[in-house]
Amino acid sequence: SQTTRGIWMARCVGIEPCTLVMDLEGTDGRERGEDDTTFEKQSALFALAISDIVLINMWCHDIGREQAANKPLLKTVFQVMMRLFSPRKTTMLFVIRDKTKTPLENLEPVLREDIQKIWDSVPKPDAHKETPLSEFFIVEVVALSSFEEKEEQFKEQVANLRQRFYHSIAPGGLAGDRRGVVPASGFSFSAQEIWKIIKENKDLDLPAHKVMVATVRCEEIANEKYDLFATNKDWCELEEAVQSGPISGFGKKLNSLITTCLSEYDAEANYFDEGVRSAKQKQLQEKLFQLVQPTFQIALGHIRSGILDKFKEAFDKALNGGEGFSSAANKCIEFYMAQFDEGCADVVIEIANWDTSKGREKLQREIDAHVASVRASKMSELVSSYEEKLKEALSAPVETLLDGANSDTWPSIRKLLNRETQSAVSGFSVELIRFDVDEQQKKSMIVSLEDYAKGVIEAKAREEAGRVLISMKDRFMTLFSHDSDSMPRIWTGKEDVRAITKSARSSCLKLLSVMAVIRLDDGDDIYDIEKTLIVALADSSSSYAKDKSTMAVEPLASSTWDQVPPSKTLITPVQCKSLWRQFKMETEYSVSQAISAQEANNRSRHWLPPPWAIVALLILGFNEFMTLLRNPLYLGVIFVGYLLIKALWAQLDITGEFRHGALPGIISLSSKFVPTIMNLIRKLAEEGHGRHAAKVPAGRVTSSSASSSVTSSGNGAEYTSSSKYE
């Protein structure tokens, strides 16, 4: 039976300094019954509030048990103590009774862990939200053997424990860290006030034993039903089947399984405390919901993904059928969102009453994202098609206009740009109506299309500017080498090479001035690049060039044109000067060739000596002329010499050789003279040999030649042969 009633106090005999000991009732005595445990909690809190050291007896085999280890009691006491009193460092000395063979090193961590869990689980006031257990208590653990089985060992262990209470308040002692110490003269009053506070506190009215039993048993039943549900065959099959696709009647099937599980719990826990039973049922229901929710989300995801796929297919089909974009999008969205709502009704678990609005919102976002993606793709295709049309309509004409650059080139390009851009913008605006584009975005896209058109022209202009030197040389050769009828020019000597060169170079300078700057705006015509180039680069005979000497600064000694922004500059002044210098160097040869051709032509027409030389020749050569008349043989020699010279003249083509100048003609004739003489001698030898062979009678022709030929004449066959040694 209970040996201690109430709280007994006494002074410890033989322990220094003066130490008082309180003996409290046990926490599980039968005398007070299960409904009167308030005094137990009050006395325990009182002991913790006024004592420096609290010894708590605990049977060794009760460690780890919920009730026997005083866990609910300590939980409530901890909670109230933090609310009623400030931290004072009480030492809790757990005395493990009837220790078994289990080492203390194994028991102590379990006990400390339980105490820490109790501390962490109790609600704390704001002032102690982050206060650790060590601020209120110091936990110590000792073990005593069984008194009945090991009496001598028990007494020895008790004596050792008693020694720890000597000088317990010294540093390092059991109560060495105590705080808030009350003087001995005020102890009685302090204890009375503390007991008064504890008695008036209602939080110590803990539930009776039957409530605790109901708590334990209902939790066991709930765990059992949860485990049975988790291993239920129908649930496992349903969970596995939903992984591969949607299941018809999913919500009803799962709702039936959960309802059955809760009904079985109610049947077994019917006779326990109603409040505990309902609370544990709610916990079981929450655990079941947590178990099935991932599967529910998967089923809902199948519905959502299936509806999204069907929407995409129907939307693409409507667009391919020629239906307007906005109309097709609105119709498909309305229809398939309704389909999703129907699918959700089949998946929803009635007892859970989960909200599917988030799934609906996610589907709506995915559909909107797909519509936006398709709109962006279609609009991108539309923009690309119109950009391609503009590029095709502008590139070739602009290239042609720049190739034939003149004063009307840039006005013509601007006219072409405005015409093609207006045409493209008109068609583009009509197409945008199908996409429900707001006015601001529409304006932005039209401006972008117009900028693209300008970009095409600028790109083509920069491309042509990069090959302007080639274009200038081509234009020069065309104008210099062809006449006004586009016929190749023959330099007969009557042409004014200087004037032709000047005209061709002026045209090339015009080309350079046109290519130097982009002029896509009407106000860009004020850029007088041509005048600057003429002043700086034209021949000194021009009126502009005469003003060049009066200028203080070289007009082309700059990297920018006057009043021209860098973005519109294609060729800088310095580059123009360099290009013109290179152009003149590469075209000088053609001009010099033309002049040489004229000189050669003039020499070929005036190969006879002048008249005065002829008269002098007749007068001075009269005696020689008379000598020839007296001796006709000289005439024969002169005639033969004439024929020989004429043959050489024809063979050497002297007139043609001297057409390109005297020095080239002499060099060419010197290389051809000796071979031509040898050729004439060979031909004369062949003719003489042929006449000799013709006199041999037919039928007796013998020859050692390597080849022979037969020629026929009106008188009969004639045989000729040539020696292999010729």
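Analyst: pLDDT is the predictor's confidence in each residue, on a scale from 0 to 100. Helices (H or I, at least four residues) and strands (E, at least two) are DSSP runs, numbered from the N terminus. This is a predicted model, in which local features need pLDDT of at least 70 and side-chain atom pairs count only at pLDDT 80 or more, while totals for chains, interfaces and linings use all residues. Residues are numbered from 1 along each chain as its sequence is written, and side-chain values use heavy atoms, with hydrogens and water left out.

Start with the sheet. The order of its 3 strands is E3-E4-E5; the sheet is open and the pairing is parallel. Two strands pair if DSSP finds at least two bridges between them. E3 (53–59) and E5 (137–143) are the edge strands, each pairing on one side only. From one strand to the next, the twist averages 20°. E3 and E4 (residues 90–97) run parallel and are joined by 7 bridges. For Met58, the bridge partner in E4 is Ile96. In general, strands of a sheet pair through backbone hydrogen bonds, either parallel or antiparallel.

A helix covers this sheet. H3 (residues 104–121) lies across E3, E4 and E5. H3 runs at about 150° to E5. Such angles run from 0 to 180 degrees between N-to-C directions, with axes fitted to C-alpha atoms, for helices over the stretch in contact.

Now the rest of the chain. The protein has 23 helices and 7 strands. Of its 726 residues, 35% are buried. Buried means under 20% relative accessible area, exposed means over 50%, and partly exposed lies in between (1.4 Å probe, protein chains only). Take contacts, meaning heavy atoms within 4.5 Å, between residues at least 6 apart in sequence: 70% of them join residues at least 24 apart.

Two residues give local views. His370 sits in helix H11 (residues 357–403). His370 counts as buried because its relative accessibility is 15%. Leaving out residues up to four places away in sequence, His370 touches Phe311, Lys312, Phe315 and Asp316. Thr215 belongs to H6 (residues 209–230) and is partly exposed, at 27% relative accessible area. With the sequence neighbours up to four places away set aside, Thr215 touches Val276 and Lys280. Thr215 and Ala279 are 64 residues apart in sequence, yet 9.1 Å apart in space, C-alpha to C-alpha.

One helix pair is worth a look too. The axes of H20 (residues 622–630) and H21 (residues 632–652) come within 5 Å and cross at roughly 105°. H20 and H21 are therefore roughly perpendicular. H20 brings Thr627, Leu628, Leu629 and Arg630 to the contact; H21 brings Pro632, Tyr634, Leu635 and Ile638.

Finally, confidence. Mean pLDDT for the protein is 78, and 85% of its residues reach 70 or more. Two stretches call for care. Over residues 205–209, pLDDT stays under 50, and the model has 11 contacts there beyond four places in sequence. Residues 696–726 also stay under 50, with 22 contacts beyond four places in sequence. Where pLDDT is low, the predicted coordinates should not be read in detail.

Terms used. Angles under 35 degrees count as roughly parallel, over 145 as roughly antiparallel, 65 to 115 as roughly perpendicular and the rest as oblique.
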